[in-house]
Amino acid sequence: MTESNQELLKTPCYDLHIEAGGKMVPFAGYDMPVQYEMGVKKEHLHTRAQAGLFDVSHMGQLKLVGKNAAAALETLVPVDIIDLPQGKQRYALFTNEQGGLLDDLMVSNFGDHLFVVVNAACKTQDIAHMQKHLPADVKIEILEGRALLALQGPKAGEVLKRLLPESADMVFMDSRVVDFAGAQCIIGRAGYTGEDGFEISIPGEHAERITRLMLAEEEIEWIGLGARDSLRLESGLCLYGHDIDQTTTPVEASLLWAISKIRRTDGARAGGFPGADIILDQIVTKDVARKRIGMVGLGKAPVREGVKLFNTQGDEIGVVTSGTAGPTKGSPIAMGYVQTQYAVLDTEIFAEVRGKKLPMLIQKMPFVEQRYFRG
């Protein structure tokens, strides 16, 4: 299918984006706002200073229902799902038999079911993967037509408390089902910017009304996909299909924090997920040929995805997978992969842009301090 305007799907907030002057582009089969009249840089800085509202309704939302849902899902991810407390959510990874990453996802435990959010471009594949591998007593309910909005920024908690007082005592990675202005919504205190914030799943028929309630608050502005990308990169967060994919293992991707101790070699429920032998061996031996690293440019020119990386001798050692001007950081930043021996902090490497070798320093991520609300 070609992504023409006639064939693109529309989110429940589509008319609001047009009304707000959103510049619409094809993205994962949807007509999505890449920016608004404020522009990407100002949208980025507004989110860091106040509160930005992102339409992420193109993501896949589903429920897993059945008493064995947690145990069943745990067979597909290197994460502790069985002991995930009710009212909490966790970042998880779908892996393949080669130890590569099929997708990253969020899983919330609501007691009688799990609520799962998967990436837009992967949702058809992810649903098929679950349908193939989950047992018959675990029912997959695809939640069609719901909006998903992300409210992000240092003022997010204060603003949402006015509209939804019961959100005030939530902390990072809490999840709840709430009545929000007469609609049953699913809310989690998390997000993809490194800021405090919430992700709110809203029934489609209530989406425009509740969105207008939020936009009426003076701190909140619409933010497009452009600033969403630069915000997540400053926060050192991976974008599936760019920084991680089916050829990347969690160890290469420096995502060890996302592999639960209980699922590792000495854990009580070690292994049991696709590619476990490969991934667990890499954790123990640290034997990988490449590693994901962060880089800060020593000049002013940004480097973009696909740019090749070189050592001081001029040998090619890796590639950039994401890059931006770094509006908050104030200098170009990038993420990519280099041969493991070069993945050392403060190592100088070079990015080749239009025939010029631009110096960059390998630096720790996140590039900008994360400000999740932990209570």
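**View 1. Strands β9 and β12 run antiparallel to each other.** Here strand β9 (residues 147–152) meets strand β12 (residues 197–202) over six bridges in the antiparallel sense; two strands pair if DSSP finds at least two bridges between them. Strands (E, at least two residues) and helices (H or I, at least four) are DSSP runs, numbered from the N terminus. Look for Leu 151, which stands opposite Phe 198 in β12. This is a predicted model, in which local features need pLDDT of at least 70 and side-chain atom pairs count only at pLDDT 80 or more, while totals for chains, interfaces and linings use all residues. Residues are numbered from 1 along each chain as its sequence is written, and side-chain values use heavy atoms, with hydrogens and water left out.

**View 2. Six strands make an open sheet.** Follow the order β10-β11-β12-β9-β3-β13, in which the pairing is mixed. At the edges stand β10 and β13 (220–222), each with a single partner strand, so one side of each has no neighbour in the sheet. On average, neighbouring strands of this sheet are turned by 25° against each other, direction ignored.

View 3. Helix α2 (residues 40–49) and helix α7 (residues 225–234) have axes 8 Å apart and an angle of about 55° between them. Axes are lines fitted to C-alpha atoms, for helices over the stretch in contact, and angles run from 0 to 180 degrees between N-to-C directions. The crossing of α2 and α7 is right-handed, the term for a near helix turned clockwise from the far one by less than a right angle, with anticlockwise being left-handed.

**View 4. Phe 110 and Phe 115 form a tilted aromatic pair.** The structure holds four aromatic pairs. Rings of Phe, Tyr and Trp (its six-membered ring) pair if their centres lie within 6.5 Å; planes under 30 degrees apart count as stacked, over 60 as edge-to-face and the rest as tilted. For Phe 110 and Phe 115, the values are 6.5 Å centre to centre and 50° between the planes. Both of these residues, Phe 110 and Phe 115, are buried (under 20% relative accessible area, with exposed being over 50% and partly exposed in between; 1.4 Å probe, protein chains only).

**View 5. Phe 172 and Tyr 372 form a stacked pair.** Their ring centres are 4.1 Å apart and their planes lie at 10°, so the pair counts as stacked. Phe 172 belongs to the loop between α5 (156–163) and β10 (175–180), and Tyr 372 to the segment after β19 (356–363), so the pair ties together parts 200 residues apart in sequence. Phe 172 and Tyr 372 are both buried.

**View 6. Two lysines lie over aromatic faces.** Lys 10 lies over the face of Tyr 14, at 4.8 Å from the ring centre. Lys 357 does likewise over Phe 310, at 4.4 Å from the ring centre. A charge sits over a ring if NZ of Lys or CZ of Arg is within 6 Å of the ring centre and within 35 degrees of the ring normal.

**View 7. Met 173 and Asp 346 have positive phi values.** Met 173, in the loop between α5 and β10, has phi near 75° and is buried, with a relative accessible area of 18%. Asp 346, in the loop between β17 (333–339) and β18 (348–353), has phi near 70° and is exposed at 55% relative accessible area.
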